[in-house]
Each structure stands twice: as structure tokens, then as C-alpha cells.
Amino acid sequence: MRLSDWMAAATTHATARWTVRYGEALRFAGSDLPRPRMIRVPTRHGRVRVHVYQPHAEPVPGAAHVHFHGGAFLMRYPFMDDWWCRYLAATTNVPVLNVDFRAAPYVAYPVAHHQCHDVAAWAAAGGGELRLDGAKISVGGFSSGGNLAASVSLQARDGGHWLPALQVLGIPVLDFHNEPGHEPGMITPQLRRLVRRVYFPDPAGQLDPWASPLLATNLSGLPPAVVLTAERDVLRHDGRRYAARLREAGVPVHHDETPGTDHYFLTEDPVRARTTMAMVAESIGTAVS
């Protein structure tokens with residue numbers, strides 16, 4: 001890894017808490033929930049901090065939603081999605097587990113992917129102190145977090161021991177091997193190249209279906225999916241193609257695209273965002289109830 005790449009990634013990693021403001025205008029539910037409880041969950045790459053958001057009302061028995069934040073595998077800042085976790089906990093009465101997985105340049109693939117899978121599998125196995133007996137677990141995330149949710153679903157299916165009840169793939173990046181066409185937008189070619197160099201330093205990792213779910217030859221047996229795309233987002237092609245391939249494989253899919261928006265699709269259209277958010281919350285509640 002070039003020193004310049006390492007420095008650029010380390011700066012992005014360190015400054016996320018001050019630079020990321022996505023979704024702040026959408027704090028209309030769950031703001032009164034208490035500060036999330038922090039627990040540590042064992043994974044094959046060490047213990048991972050998980051921030052648990054508990055609803056005010058009696059939670060749905062044996063249910064949880066495991067959330068993976070975005071940030072291009074460079075930002076280690078789970079609180080960028082605090083507003084979303086609070087919204088889901090408040091509107092679904094389901095505990096939300098916000099995973100503080102490790103990020104580049106301090107780790108490379110498959111560390112974050114394994115950690116996210118292992119946390120979700122731990123929750124599905126009962127969640128230790130959370131006592132999620134008979135657990136039904138949904139998974140989800142935005143952008144790189146959407147990639148992680150798709151990967152966790154593939155890892156779970158391939159492992160054969162458990163399966164999420166639902167996968168929520170928000171504006172996901174799903175192919176790190178093939179570069180999309182050069183279109184204007186928030187997700188620049190320079191950013192994608194940096195991610196590949198620092199989180200996927202071995203080019204073979206980009207071809208792994210757990211890293212690039214669109215490259216998986218078989219998508220059958222995966223959990224139902226909610227796929228969210230944005231009309232002007234460079235990554236919309238990934239989400240559209242994956243939704244279509246899931247349907248072809250017999251997987252139930254709800255694909256929702258926000259018109260006229262780029263990658264920050266919810267913030268860019270906060271009026272429509274309320275409808276989109278309510279749909280996702282209803283889907284999660286139905287899947288885990």
C-alpha cells in the first residue's frame with residue numbers, strides 16, 4: 001500500500017465523526033430513546049463493540065435488527081447512523097444492534113465482513129446477555145453497509161446454520177471488480193479506487209462473492225430483500241441488477257428507487273424519505289414478528 005493511500009484512508013477514518021452529517025434532518029422519531037448500551041461481541045477477528053438501541057415499549061420477543069453503517073470501509077463511526085437506529089427501534093419495537101466493525105487502513109478484507117457476519121450470527125444464536133431466545137434477525141445497512149448486509153446474508157446461507165429473516169440493502173455497492181461508467185455523482189472513481197487499494201489490497205478479494213455479491217453465481221436460498229436505490233447515484237446499477245437477479249433466483253424483493261436523488265437519497269428528499277423509512281420499518285417488523 002502506498003503511503004499516500006494509507007494517509008488518505010487514515011484521515012478519512014479519523015475525521016468521520018466531524019465530517020459526516022447524513023440523515024441529521026431526519027431525526028423525527030426515537031430522539032427520546034436513551035443512549036445505546038455498549039456491549040462487546042466475540043468474532044473470529046476479536047471482540048467487536050456493538051451499540052444496542054432498545055425501544056421504549058416492550059420489544060418484540062426474540063427479535064433484533066443488526067445494522068452496518070456506511071463509510072466506504074474507511075470510516076469507523078457507527079454513530080453516523082444513530083438517527084436511523086433510533087428511528088427503527090422506536091417504530092418497530094425491535095432492538096437495533098449497530099456494529100462498530102473495524103475499517104481500513106487498519107484492516108483489510110475480509111475482516112469487516114467476517115466481523116459483521118459473526119455479530120449477526122451471535123444474535124441469531126440467542127445474543128448472550130440480550131436473551132434473544134428463538135431469535136429472528138434482520139440485517140441491513142447503507143452504501144458499504146448495504147454491501148455488508150448482502151455479504152452477511154450470503155455467508156449465512158453458505159454456512160448453512162442460520163439465515164436472516166430480511167436483508168435491507170440501502171444504496172449498496174455490490175461489485176468491486178467492475179468499475180461503473182464515469183458518471184458525475186458523489187461516489188467518485190477516485191474514492192472507489194482508494195477503497196480497492198486499501199481495503200482490497202489483494203485483487204482476488206474483489207472477485208470473492210462475499211465481497212462482490214453481484215459476482216455470486218447462485219443467489220437462490222437468500223432471505224427476502226428490500227433494495228433501496230437512488231436515480232442519480234452511480235451505485236444504482238448495482239442495486240437494480242442485484243434486485244433483478246434475486247427475483248430471477250426466486251427471492252422475494254421489494255425494490256424502491258427515489259427519483260432525482262444522488263447517494264444521500266433520504267436527506268436529499270426528506271419528504272419522500274418518511275415514506276421510504278416507514279416502508280423499511282414495516283418490512284423489518286413483519287419479517288421478525
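Good morning. I begin with a cluster of aromatic residues, in which ring pairs link Y22, F28, W83, W84, Y87, F142, Y264 and F265. Please bear in mind throughout that this is a predicted model.

The count of aromatic pairs comes to 16. Let me take F28 and Y87 as an example. Their ring centres are 5.6 Å apart and their planes stand at 70°, so the pair is edge-to-face. F28 belongs to the loop between α1 (3-19) and β1 (37-41), while Y87 sits in helix α2 (residues 82-92), so the pair ties together parts that are 59 residues apart in sequence. The two partners can also be described by their accessibility. F28 is partly exposed, at 31% relative accessibility, whereas Y87 is buried, at 4%.

A further aromatic pair is formed by F176 and F200, and this one is tilted, with 4.7 Å centre to centre and 40° between the planes. Here too distant parts of the chain are linked: F176 lies in the loop between β6 (166-170) and α5 (189-199), and F200 in the loop between α5 and α6 (203-207), 24 residues apart. Both F176 and F200 are buried.

Returning to F28, which residue lies over the face of its ring? That residue is R274, placed 3.9 Å from the ring centre.

I turn now to the charged pairs. Side chains of opposite charge can pair when their charged atoms come close. The structure holds ten salt bridges, and I shall discuss three of them.

In one, the side chains of E24 and R27 meet at 2.9 Å, N to O. E24 is partly exposed at 35% relative accessibility, and R27 is likewise partly exposed at 31%.

In another, R86 forms a salt bridge with D82, and the closest N and O atoms are 3.0 Å apart. R86 and D82 are four residues apart in helix α2, so about one helical turn separates them. R86 is buried, at 10% relative accessibility, and D82 is buried as well, with a relative accessible area of 8%. Salt bridges with shared partners join E24, R27, D82 and R86 into one network.

The remaining example pairs R49 with D100, with 2.7 Å between the closest N and O atoms. R49 counts as partly exposed at 31% relative accessibility, while D100 is buried at 3%.

Strand β2 (residues 48-53) also holds H51, which is buried at 9% relative accessibility. Beyond its neighbours within four places in sequence, H51 is in contact with several residues, including R37, F79, L97 and D100.

Next, the nonpolar interior. In soluble globular proteins, nonpolar side chains tend to be buried together. The largest nonpolar core here has 60 residues, of which V66, F68, L97, Y199 and Y242 touch the most other members. Helix α3 (residues 111-124) gives the most to this core, with eight residues. A second, separate core comprises 36 residues, among them V226, L228, L266 and V280.

A64 lies in strand β3 (residues 63-68) and has 0% relative accessibility, so A64 counts as buried. How far apart are the C-alpha atoms of A64 and I137? They are separated by 5.1 Å, although the two residues are 73 apart along the chain. Besides I137, A64 touches residues including V94, L97, L132 and V288. N147, in helix α4 (residues 144-159), is also buried, with a relative accessible area of 0%. Among the residues that N147 touches are F73, H113, L174, F176 and P213.

I close with a residue near the end of the sequence list for this talk. Is S289 buried or exposed? S289 is exposed, with a relative accessible area of 59%, and it lies in the segment after α9 (270-288). S289 and V60 are 229 residues apart in sequence, yet 6.6 Å apart in space, C-alpha to C-alpha. Leaving out residues up to four places away, S289 touches V60 and K136. The side chain of S289 also reaches the backbone oxygen of T286, at 3.1 Å. Thank you.

Conventions
Residues are numbered from 1 along each chain as its sequence is written. This is a predicted model: local features need pLDDT of at least 70, side-chain atom pairs count only at pLDDT 80 or more; totals for chains, interfaces and linings use all residues. Side-chain values use heavy atoms; hydrogens and water are left out. Helices (H or I, at least four residues) and strands (E, at least two) are DSSP runs, numbered from the N terminus. Buried means under 20% relative accessible area, exposed over 50%, partly exposed in between (1.4 Å probe, protein chains only). Contact means heavy atoms within 4.5 Å. A nonpolar core is a set of buried Ala, Val, Leu, Ile, Met, Phe, Trp, Tyr and Cys residues joined through side-chain atoms within 4.5 Å. Rings of Phe, Tyr and Trp (its six-membered ring) pair if their centres lie within 6.5 Å; planes under 30 degrees apart count as stacked, over 60 as edge-to-face and the rest as tilted. A charge sits over a ring if NZ of Lys or CZ of Arg is within 6 Å of the ring centre and within 35 degrees of the ring normal. A polar contact is a pair of N or O atoms within 3.5 Å; within protein, one must be able to donate a hydrogen and the other to accept it, and residues adjacent in sequence count only if both atoms are side-chain atoms. A salt bridge is a side-chain nitrogen of Lys or Arg within 4 Å of a carboxyl oxygen of Asp or Glu.
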